[in-house]
Amino acid sequence: DNDLHEFTYLVVMRDYCDKTLSQMRDNGEVNKKLSKKLKKELSNAKKKLASSKYNGLKIESDYVEIFSKQINDKFRG
């Protein structure tokens, strides 16, 4: 189901951005370009996740790892 896939991707994206931004803050890491990109993706994911079409959905645990890797590659690539 595409909605489920999309939902899972957005949740992983949101969590990744959140986690990475707070790690950067904790480490005093200053990477304005990366930080800006992460904040943009974070707010985008949060906005999309507010959609009613995702109400009651549960993430597909099989895909979390796949999406995490894709997202990590996207930002660190």
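A salt bridge here is a side-chain nitrogen of Lys or Arg within 4 Å of a carboxyl oxygen of Asp or Glu. By that criterion, a search of the whole structure finds five salt bridges. The model is predicted, and the tour returns to some of these pairs after a look at the fold.

**Stop 1: the whole chain**

Show the cartoon. The protein has three helices and zero strands. From the N terminus on, the elements run α-α-α. Switch to the C-alpha trace: along its principal axes, the trace spans about 40 × 25 × 20 Å. Colour by accessibility next. Of the 77 residues, 30% count as buried. Now turn to contacts. Take those with a separation of 6 or more: residues 24 or more positions apart account for 84% of them.

**Stop 2: α1 against α3**

Select α1 and α3. Two packed helices are described by the angle between their axes and the distance between the axes. For α1 and α3 the angle is about 50 degrees, and the axes are 9 Å apart. The two helices are therefore oblique to each other. Their crossing is right-handed.

Now show side chains. On the α1 side, the contact is made by His5, Thr8, Tyr9, Val12, Met13, Tyr16, Cys17 and Thr20. On the α3 side, select Tyr63, Val64, Phe67, Ser68, Gln70, Ile71, Asn72, Lys74, Phe75 and Arg76. Colour the residues of this contact by type. They divide into 10 nonpolar, six polar and two charged.

**Stop 3: Met13**

Stay on helix α1 and centre on Met13. Is Met13 buried or exposed? At 1% relative accessibility, Met13 counts as buried, because buried means under 20% relative accessible area.

Which residues does Met13 touch, leaving aside its neighbours within four places in sequence? Select Glu41, Ala45, Ile71, Lys74 and Phe75: Met13 is in contact with each of these. Then draw a C-alpha to C-alpha distance from Met13 to Tyr63. These two residues are 50 residues apart in sequence and 12 Å apart in space.

**Stop 4: α2 against α3**

From α2, the contact uses Leu34, Lys37, Leu38 and Glu41. From α3, it uses Lys74, Phe75 and Arg76. By type, the residues of this contact divide into three nonpolar, no polar and four charged.

**Stop 5: Glu41 and Lys74**

Zoom in on Glu41 and Lys74. Side chains of opposite charge can pair when their charged atoms come close. Glu41 forms a salt bridge with Lys74, and the closest N and O atoms are 3.0 Å apart. The pair links distant parts of the chain: Glu41 sits in helix α2 and Lys74 in helix α3, 33 residues apart. Lys74 counts as partly exposed, at 39% relative accessibility.

**Stop 6: Asp73 and Lys69**

Stay on helix α3. Asp73 forms a salt bridge with Lys69, with the closest N and O atoms 2.8 Å apart. How are Asp73 and Lys69 placed along helix α3? They are four residues apart, so about one helical turn separates them. Asp73 is partly exposed, with a relative accessible area of 39%. Lys69 counts as exposed, at 53% relative accessibility.

**Stop 7: Asp3 and Lys53**

Asp3 counts as partly exposed at 28% relative accessibility. Lys53 is partly exposed too, with a relative accessible area of 42%.

Salt bridges that share partners join Asp3, Glu6 and Lys53 into one network.

**Stop 8: Lys47**

Finish on helix α2 with Lys47. At 65% relative accessibility, Lys47 counts as exposed. Draw the distance from its C-alpha atom to that of Leu10. The two C-alpha atoms are separated by 9.8 Å, and the residues are 37 apart along the chain.

Note on methods. Residues numbered from 1 in each chain as written. Predicted model: local features only at pLDDT ≥ 70, side-chain atom pairs only at ≥ 80, totals over all residues. Heavy atoms only, no water. Buried < 20%, exposed > 50% of the residue type's maximum accessible area, 1.4 Å probe, protein only. Axes fitted to C-alpha atoms, helices over the stretch in contact; angles between N-to-C directions. Parallel < 35°, antiparallel > 145°, perpendicular 65-115°, else oblique. Left-handed = near helix turned anticlockwise from the far one by under 90°. Contact = heavy atoms within 4.5 Å. Nonpolar A, V, L, I, M, F, W, Y, C, P; charged D, E, K, R; others polar.
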